[in-house]
Amino acid sequence: MTTPSDTQIDIIFLHTNRITKKTIENLMHILSDREIQCARQILNSEEKNQFILSRTLLRTALHDITSVPPNNWVIETTEFGKPYISAPVDYTNVTFSSSHSNGLISCALTARRSVGIDVEFVNVKTDIEPIAKRLFTREEYQDIVVRPISERTDAFYKYWTLKEAYAKARGDGMLLNLDVSFVIDPRAEFRYPVSDSSAHWYFKRIEVTPSHMVTLAYSGVQRENIHIVCNEYLVNGHTFVKSHSQIPQN
């Protein structure tokens, strides 16, 4: 058995639009009893399916990386709702983050570092300005509205996924509208110093589909060489298989 490397972040993607209800039912055997019970309590069928697919994908990826059977993983949640691995005890240093939106599930896995990932469907019909004014910092909002109209939606989702990924990586109940402000150009980073030094956090946008914005946040040290590997998974009967082609990243 192998342990995930702390110098590599594995990012897994699954396209869900063509996955049938019967296929999802066939994947339930990968879940823990607690997860099955949780799934049954979700009334919204779409949210239920996304939960099942997210957890079965996560367990499959953990197995592929470590060879530990998918059912052997025990996943708990902190008081703020951040999931973490409590067993097997040899793998409690493994960290992960999952996200899903409109037909795409993403999962990031690594070890001994905080990691967060967020995926959002880019809805060009969303009235973004009132949302940004309410939830973003003044500087972030101004950066969006001074842009040409054709660029505002893209900028909005870059900020949104950046703030969400950072919040997930911290996992301490932080809300979107904290006094943490970012810039998105020429690269994603903190706008001004915060208690979490910008030298300790890194951000990367991942190109998966033209319709989704995906941002990764992870903790680290300066001049650290982190290898990010992106793979697509496909459903194959009662389980998942890794696609033969990797998603290229710069």
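Is arginine 34 buried or exposed? Arginine 34 is exposed, because its relative accessible area is 52%; exposed means over 50%, buried under 20% and partly exposed in between (1.4 Å probe, protein chains only).

**About the views.** This is a predicted model, in which local features need pLDDT of at least 70, side-chain atom pairs count only at pLDDT 80 or more, and totals for chains, interfaces and linings use all residues. Residues are numbered from 1 along each chain as its sequence is written, and side-chain values use heavy atoms, with hydrogens and water left out.

**View 1. Glutamate 76 pairs with arginine 34 in a salt bridge.** The closest N and O atoms are 2.7 Å apart. The two residues sit in distant parts of the chain, 42 residues apart. Glutamate 76 belongs to strand β2 (residues 74–77), and arginine 34 to helix α2 (residues 33–41). Helices (H or I, at least four residues) and strands (E, at least two) are DSSP runs, numbered from the N terminus. A salt bridge is a side-chain nitrogen of Lys or Arg within 4 Å of a carboxyl oxygen of Asp or Glu. By this rule there are 13 salt bridges. Side chains of opposite charge can pair when their charged atoms come close. Glutamate 76 counts as partly exposed, because its relative accessibility is 21%.

**View 2. A salt bridge joins glutamate 129 and arginine 152.** The N to O distance is 2.9 Å. This pair also links distant parts of the chain, 23 residues apart: glutamate 129 is in helix α4 (residues 128–135) and arginine 152 is in helix α6. Glutamate 129 is partly exposed, at 29% relative accessibility. Arginine 152 counts as buried, at 19%.

**View 3. Helices α4 and α6 pack together.** Two packed helices are described by the angle between their axes and the distance between the axes. Here the angle is about 35°, and the axes are 11 Å apart. Axes are lines fitted to C-alpha atoms, for helices over the stretch in contact, and angles run from 0 to 180 degrees between N-to-C directions. α4 passes α6 in a left-handed crossing: the near helix is turned anticlockwise from the far one by less than a right angle. On α4, the contact (heavy atoms within 4.5 Å) is made by Ile128, Glu129, Ile131, Ala132 and Leu135. On α6, Arg152, Thr153, Phe156, Trp160 and Lys163 take part.

**View 4. Serine 181 is a buried loop residue.** Serine 181 lies between α6 (149–170) and β7 (182–183). Serine 181 counts as buried because its relative accessible area is 0%. The side chain of serine 181 makes a polar contact with the side chain of threonine 137, at 2.8 Å. A polar contact is a pair of N or O atoms within 3.5 Å; within protein, one must be able to donate a hydrogen and the other to accept it, and residues adjacent in sequence count only if both atoms are side-chain atoms. Beyond its neighbours within four places in sequence, serine 181 touches residues including Glu139, Phe190 and Tyr192.

**View 5. Cysteine 107 and cysteine 230 are in no disulfide.** A disulfide is a pair of cysteine sulfur atoms within 2.5 Å. The structure holds zero disulfides. For cysteine 107, the nearest cysteine sulfur is that of cysteine 230, 12 Å away. Cysteine 107 is buried, at 2% relative accessibility. Cysteine 230 is buried, at 1%.
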